Amino acid sequence: MCEDVDECATNTHSCRPSEGCVNTVGSFVCELRVTCPAGYQLRNGVCEDIDECVLRTHNCGVGFVCENTVGSFLCNIKHKCISGFTQDSHGNCIDINECSSLSEPCSSGFNCINTVGSYTCQKKVVMCSHGYHASPDGAKCVDIDECQMGTHRCGVGQICHNLPGSYRCDCQTGYQYDALRKVCTDVNECWRYPGRLCAQTCENTPGSYHCSCTAGFSLAFDGKNCEDVNECDKNPCSQECANIYGSYQCYCRQGYYLKEDGRTCEDIDECSQSIGNLCAFQCVNVAGSYQCACPPHGYVMSANGRTCRDIDECTTGTHNCSYGQTCYNLQGGFRCLSFDCPHNYKKVSDTRCERTSCPSNSVDCQNSPVRITYYQLSFQTNIIIPAQIFRIGPSPAYSGDHIVIGIIKGNEEGYFSTRKLNSFTGAVYLKRQVREPKDFLIDVEMKLLRQGTFTSFLARIYVFITSSTV
């Protein structure tokens, strides 16, 4: 049978000096050894104070009382004094001053008075000066708030300010005290500080003042200065607006004028107000300007935009003349002319017919013109009359020639006349003003007396009177 070896008893363990050996079956355990000082004992690995008074392990004798201390105890002499007294170091009983030894022995408002073996509490008597009264506990004097209690004598509009033992009546801001009437009167800040409060206009108000600005300005954020108002932001003008300091100015674009209201622009009728002639033919007013116009037919506007240029329909080929007709251009139009030769005449050029030989027995043929020539003349209605429009005479002329001229056809209204300038030259005149465009075809006969023989020539003259307003 095997028996356990006690390593702790046989000192065959390996524990350190600060450790204790505890034998176990078949082995041992090393435990940390804790040593407590005098007056302490080990409990659960912690040193705790030993209460010698409770355990009665003290050595205090009769007449002494044990008082435990940390790690030890005291032996105190038992008291032999009655309540209210304490024993001094010589064993004498002396009175305890409860008023100084106790914390607040009496309630607030009472004074503590020490007595032999006890003390008494006596109510305090507080005498307060004017403006003060005793606190609720009677312990001290506190200020009377006349403003809060309403016992002040401040007038209407005055502000009560409490003071220690008194109060003060002040006027509200913007008011001053009138000692004669004993009231607060409004201060007119605008009069008192002229030019210093507001940039422009100062208006007094009860207790204060207000700054304002004249038309065209607005009050700045500081309530004092004035800022220019940009009236143009509200589009007060019908066209252009320019902001100026304190106001604004309306302007009109070219071709408009500003009306009396100073805001509205109205179109200028350049056509009716122009001193000179803006356009050669017709002026058409448009918004802000004008345009020149030409007659609907026969003219085109020139590059200058004012005058009208005639369209030569004959050159451009925009006429409607037939193959056998000749196109003659006029101002604003054209004419289709036919140059036909009568019986017994032959065409020798585009505008001339010559008489063929006459039978010897035909007097009428022999008296007819030997030559018929066509001419075209164009004038405007504003021609100055009388106007010489045509000359006629033999070519060549010889000394001794004499002519006689006359209009034999086409002058039924009497617009034309003839005049002999010399013996071999005659002229045709326009003697009446033609008010409207008009076409004439007049036959002017010239009889030539040469060496005792009369020979007649016929000039068929187209006279075209066109408008002078282009």
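## Salt bridges

A salt bridge is a side-chain nitrogen of Lys or Arg within 4 Å of a carboxyl oxygen of Asp or Glu. In this predicted model, the count by that rule comes to 8 salt bridges. One of them joins the side chains of Lys 259 and Glu 266, with a distance of 3.3 Å from N to O. Because 3.3 Å lies within the 4 Å limit, this pair qualifies. Lys 259 is partly exposed, at a relative accessible area of 34%, and Glu 266 is also partly exposed, at 36%. As a general point, side chains of opposite charge can pair when their charged atoms come close.

A salt bridge also forms between Glu 354 and Arg 371, whose closest N and O atoms are 3.9 Å apart. This pair links distant parts of the chain: Glu 354 belongs to strand β32 (residues 352-355) and Arg 371 to strand β33 (residues 371-380), 17 residues apart. Glu 354 is partly exposed, with 28% relative accessibility, and Arg 371 is partly exposed as well, with 30%. Another salt bridge brings together the side chains of Lys 438 and Glu 413, at 3.5 Å from N to O. Lys 438 lies in strand β38 (residues 438-450), whereas Glu 413 lies in the loop between β35 (402-409) and β36 (416-422), so the pair ties together parts that are 25 residues apart in sequence. Lys 438 is partly exposed at 29%, and Glu 413 is partly exposed at 45%.

## Nonpolar cores

Which residues have the most contacts inside the largest nonpolar core? That core has 24 residues, and those with the most contacts are Ile 389, Phe 390, Phe 416, Leu 430, Ile 461 and Val 463. At least two residues of the core are supplied by each of the strands β33, β34 (387-392), β35, β37 (425-430), β38 and β39 (453-466). When residues up to four places away in sequence are not counted, Ile 389 touches Leu 377, Phe 379, Phe 416, Val 428, Tyr 429, Leu 430 and Val 463.

A second, separate core has 11 residues, among them Tyr 328, Cys 353, Tyr 462 and Phe 464.

## A buried threonine

Is Thr 466 buried or exposed? This residue, located in strand β39, has a relative accessibility of 7%. Thr 466 therefore counts as buried, since the cut-off for that class is under 20%. Leaving out residues up to four places away in sequence, the contacts of Thr 466 are Leu 330, Gln 331, Ser 378, Phe 379, Gln 380, Thr 381 and Pro 437.

Leu 32 is part of strand β2 (residues 27-32). With a relative accessible area of 66%, Leu 32 is exposed.

## Two hairpins

Strands β15 (residues 175-178) and β16 (residues 183-186) pair in the antiparallel sense over 4 bridges. The bridge partner of Asp 178 is Val 183 in β16. The hairpin of β15 and β16 has 4 residues between the strands, and Lys 182 takes a positive phi near 55° there.

Strands β21 (residues 240-244) and β22 (residues 247-251) likewise pair in the antiparallel sense, over 5 bridges. Here Ala 242 stands opposite Gln 249 of β22. The hairpin of β21 and β22 has 2 residues between its strands, and Gly 246 in the turn has a positive phi of about 85°.

## Backbone details in loops

Two cis peptide bonds can be described. One joins Ile 385 and Pro 386, with omega of about -5°, and Pro 386 is placed in the loop between β33 and β34. Another joins Ser 395 and Pro 396, with omega of about 0°, and Pro 396 is placed in the loop between β34 and β35.

Positive phi values in residues other than glycine are found at Glu 104, near 50°, and at Asn 344, near 75°. Glu 104 lies in the loop between α3 (98-101) and β9 (110-115), and Glu 104 is exposed at a relative accessible area of 71%. Asn 344 lies in the loop between β30 (333-337) and β31 (345-349), and Asn 344 is partly exposed at 30%.

Note on methods: Residues are numbered from 1 along each chain as its sequence is written. This is a predicted model: local features need pLDDT of at least 70, side-chain atom pairs count only at pLDDT 80 or more; totals for chains, interfaces and linings use all residues. Side-chain values use heavy atoms; hydrogens and water are left out. Buried means under 20% relative accessible area, exposed over 50%, partly exposed in between (1.4 Å probe, protein chains only). Two strands pair if DSSP finds at least two bridges between them. A nonpolar core is a set of buried Ala, Val, Leu, Ile, Met, Phe, Trp, Tyr and Cys residues joined through side-chain atoms within 4.5 Å. Contact means heavy atoms within 4.5 Å.
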